[in-house]
Amino acid sequence: MIFFISDGRLGNQAFQYAFLNSIAKSNEKIICVNMTQFFEHFDFKNENFSFLPESRLLSFFFRKMLSRVLTLLVKLKMISSAEQQTISGKPLPKVSFSKGVLPFTFVKLGFFQSELLLRKDKIDFVIKNKYYLVALKILNSLPQSNKVFVHIRRGDYLDETYNGQKGLALPKQYYLEAMTEIERSVANPFYVFLTDDPGYVEDVYGYISNKYISRESLGVDFAIMGLCDYGIVSNSSFSWWGSFFSKEKN
């Protein structure tokens, strides 16, 4: 059995599922905590994958108490473990495994954001049909030209700090240069903006006439990305998966 205590949002949870599914043995049970967003938005084929219901009390128990017990059992070589390797705090596309006596593997927290850690045949999840149908209706209502999704993530990215630098949101210039590249090679592009800050997009890109700004749910926005012909991604795992499914479509 594999046990994992997740963290992060939908894109991170998609990577975590794909990784766990990649390392699991045939018919091995996988139990996860804190993967509600993944289960709410995706259908998947692995019937041995399940998650525990969440609450503040349970979350505290799993993160503060159970994880420490499991870490101790790993040190005593009673159970197995899997842990993403890092260097200077930066995650690497490598995983360290340790073998324990019992048939139980504790996967320590990691986001596993690398194709090197995933088996493509184990990426067996798709967006739920209810989100797909809404996205399809929206895109069909737009002009019949080449649809280009533009994912602009702001929100928590404005205040987050990485490597001593505050602010992870990409600048306007990045998107303008990407749209210039699109217009050099794509005839009649129509931009579909997906964002957690539609007011900002309306203010900054209001002059663009051939556009649609989504104010839909996370699931619908994800489905839209997969249905578009081209995409301009942000530095986000959500964007990565959207472009992955768009590429798979083509």
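**Exercises on a cavity and a pocket**

Ile-5, Val-33, Asn-34, Pro-53, Glu-54, Ser-55, Leu-58, Ser-59, Phe-62 and Arg-63 line the largest cavity (on a 1 Å grid over the protein atoms alone, a set of points where a 1.4 Å probe fits but cannot get out; lining residues have an atom within 4 Å of a point). The model is predicted, and totals for linings use all residues, whereas local features need pLDDT of at least 70 and side-chain atom pairs count only at pLDDT 80 or more. Residues are numbered from 1 along each chain as its sequence is written, and side-chain values use heavy atoms, without hydrogens and water.

**Exercise 1.** Find which helix gives the largest share of the lining of the largest cavity, and how the lining divides by class.

*Solution.* Begin with helix H3, residues 56–75, which supplies the largest share, four residues. Then sort by class: five residues are nonpolar (Ala, Val, Leu, Ile, Met, Phe, Trp, Tyr, Cys and Pro), three polar (the others, Gly among them) and two charged (Asp, Glu, Lys and Arg). Finally, the space in this cavity is about 50 Å³.

**Exercise 2.** Describe the largest pocket by its volume, its lining and the residues nearest its centre.

*Solution.* First, a pocket is an open set of points with protein on both sides within 12 Å along at least five of seven lines, and the largest one has a volume of about 950 Å³. Next, 40 residues line this pocket, and Asn-12, Gln-113, Arg-153, Tyr-157 and Ser-237 lie nearest its centre. Lastly, the lining holds 13 nonpolar, 16 polar and 11 charged residues.

Definitions and conventions:
Grid points are joined across faces, edges and corners, and a volume is the space filled by probe spheres set on the points. Helices (H or I, at least four residues) and strands (E, at least two) are DSSP runs, numbered from the N terminus.
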